[in-house]
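I opened this model to look up two things.

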Amino acid sequence: MTTPVEYKQRREQLMAKIGGGTAIFRSAPTAVMHNDVEYSYRQDSDFFYLTGFNEPNAVAVLAPHHEKHKFILFVQPKDPEKETWTGYRVGVDNAKTIYGADEAYPIHELDEKLSQYLQKADRIYYRLGPDQQFNQIILNHWQNLIRVYPKHGTGPIAIQDAGTILHPQRLIKSPKELELMRKAAEISVDAHQRAREFAQPGKYEYQVQAEIEYFFSQHGATPAYPSIVASGENACILHYIENNRQMQDQDLLLIDAGCAYQYYNADITRTFPVNGKFTPEQKTIYELVLRAQIAAIEQVKPGNPYNQLHDTAVRVLVEGLLDLGLLKGDIEEIIKEQKYKHFYMHRTGHWLGLDVHDVGVYQWGEEPQLLQPGQVLTVEPGIYIKPDIKPVEGQPEIHERWLGIGVRIEDDVLVTTDGYEVLTAGVPKSVSAMES
């Protein structure tokens with residue numbers, strides 16, 4: 001579990017960057033599943049990263065310029081009657097003693113108390129969110145302070161998205177964060193192993209899903225995202241989540257599933273034959289995707305541009321598809337004009353952390369993000385030959401023996417000081433392992 005000391009260090013690191021500004025962070029709202037039944041609560045990742053506070057209807061304020069209060073929390077006050085129905089609240093006093101706030105107030109006092117932390121700030125750092133009412137509260141405070149700026153010559157003259165300052169910080173994982181991500185990876189690795197042993201012709205996709213998610217629960221974790229358990233041609237649907245098909249002999253099964261452990265996520269995809277034996281066409285496509293993934297992972301090292309992973313994977317895939325006669329023409333032209341996209345339509349990965357698709361810029365204008373130690377990303381090339389695939393003009397018709405084959409292979413990779421570490425290497429992916 002992340003310690004109060006680490007949360008404090010994160011806040012201090014951010015406050016050093018905002019200097020004379022004030023940063024405001026809003027907790028995630030509760031989400032209604034239907035009528036008056038709510039989903040399990042999940043805190044906003046920025047809010048949790050800075051506070052560790054896991055209740056709704058809260059606001060965190062960082063005001064490094066304030067003489068006494070640098071870290072302020074506005075929270076739900078204690079209410080025994082409501083707590084009987086919805087669970088215990090931390091309350092105002094505990095927000096200080098447990099979470100280290102210099103000052104804390106009931107959330108209903110936000111409008112009254114907030115101005116004292118804004119009036120001497122030179123800038124407001126706040127990310128406009130889906131809560132339009134709260135957005136308006138912040139904008140109203142800013143407009144009021146702008147109105148009196150000529151009288152005092154002090155106050156926030158601009159609002160800046162807080163993510164532009166915080167998200168580069170979140171992109172580099174601390175040793176404690178990496179410990180939690182390794183745990184999430186370890187649980188997810190074992191769940192994938194269990195799923196491959198369990199799957200067989202005649203069983204339903206949802207039965208495999210149940211095995212995976214039961215294993216998560218048994219180890220104190222939850223699904224990081226809706227598990228994809230896609231057999232046969234369902235594997236050609238990138239975000240297939242119905243998981244209701246009965247698996248057949250000679251099907252491939254694509255499983256894209258990972259757990260969240262103490263808010264940190266894993267994200268793994270493996271594809272294997274349900275009956276334990278690839279058909280020749282399945283094996284050919286699988287080996288091609290595996291070559292592309294290994295080549296892309298080899299590009300993970302400090303200083304390399306992020307997009308080099310994708311470019312590497314695309315080149316390997318296009319070369320292979322040309323060799324198979326599934327593409328034709330000049331390789332450079334095919335890549336430049338993206339004539340491969342009816343087979344491979346997504347990027348080769350994404351940042352990973354508190355969010356499955358974690359925060360962080362991928363390129364700065366025309367300049368790509370350079371890989372740095374402490375970043376964690378997925379590497380996940382694939383080939384999807386849909387039964388109704390339509391080739392690009394001038395490209396070959398697809399023989400029916402290839403139709404319905406979908407393969408993706410995904411691992412979570414940490415950028416180290418001298419290369420990379422595959423956090424999810426415990427799940428086999430060789431052809432021999434997939435057929436064992």
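My entries below take the residue and then the domains.

I am working with a predicted model, where local features need pLDDT of at least 70, side-chain atom pairs count only at pLDDT 80 or more, and totals for chains, interfaces and linings use all residues. Residues are numbered from 1 along each chain as its sequence is written, and side-chain values use heavy atoms, with hydrogens and water left out.

**Entry 1: Q375.** I found Q375 in the loop between β16 (367-368) and β17 (376-379); strands are DSSP runs of E, at least two residues, and helices are runs of H or I, at least four, numbered from the N terminus. Q375 is buried, at 0% relative accessible area (buried is under 20%, exposed over 50%, partly exposed in between; 1.4 Å probe, protein chains only). Its side chain reaches the backbone nitrogen of Q372 at 2.8 Å. I also listed contacts, meaning heavy atoms within 4.5 Å. Leaving out residues up to four places away in sequence, Q375 touches L171, I172, W351, Q369, L370, V413, L414 and V415.

**Entry 2: the domains.** The domain assignment, automatic or from a database, gives domain 1 (2-167) and domain 2 (171-433). Their centres, taken over C-alpha atoms, are 37 Å apart. Domain 1 puts 10 residues into the contact and domain 2 puts in 13.

**Entry 3: salt bridges.** I looked for a side-chain nitrogen of Lys or Arg within 4 Å of a carboxyl oxygen of Asp or Glu. The count between domain 1 and domain 2 is 0 salt bridges. On the domain 1 side, α1 (4-18) and α2 (45-51) each supply at least two of the touching residues. α2 gives the most, with 3 residues.

Methods: A polar contact is a pair of N or O atoms within 3.5 Å; within protein, one must be able to donate a hydrogen and the other to accept it, and residues adjacent in sequence count only if both atoms are side-chain atoms.
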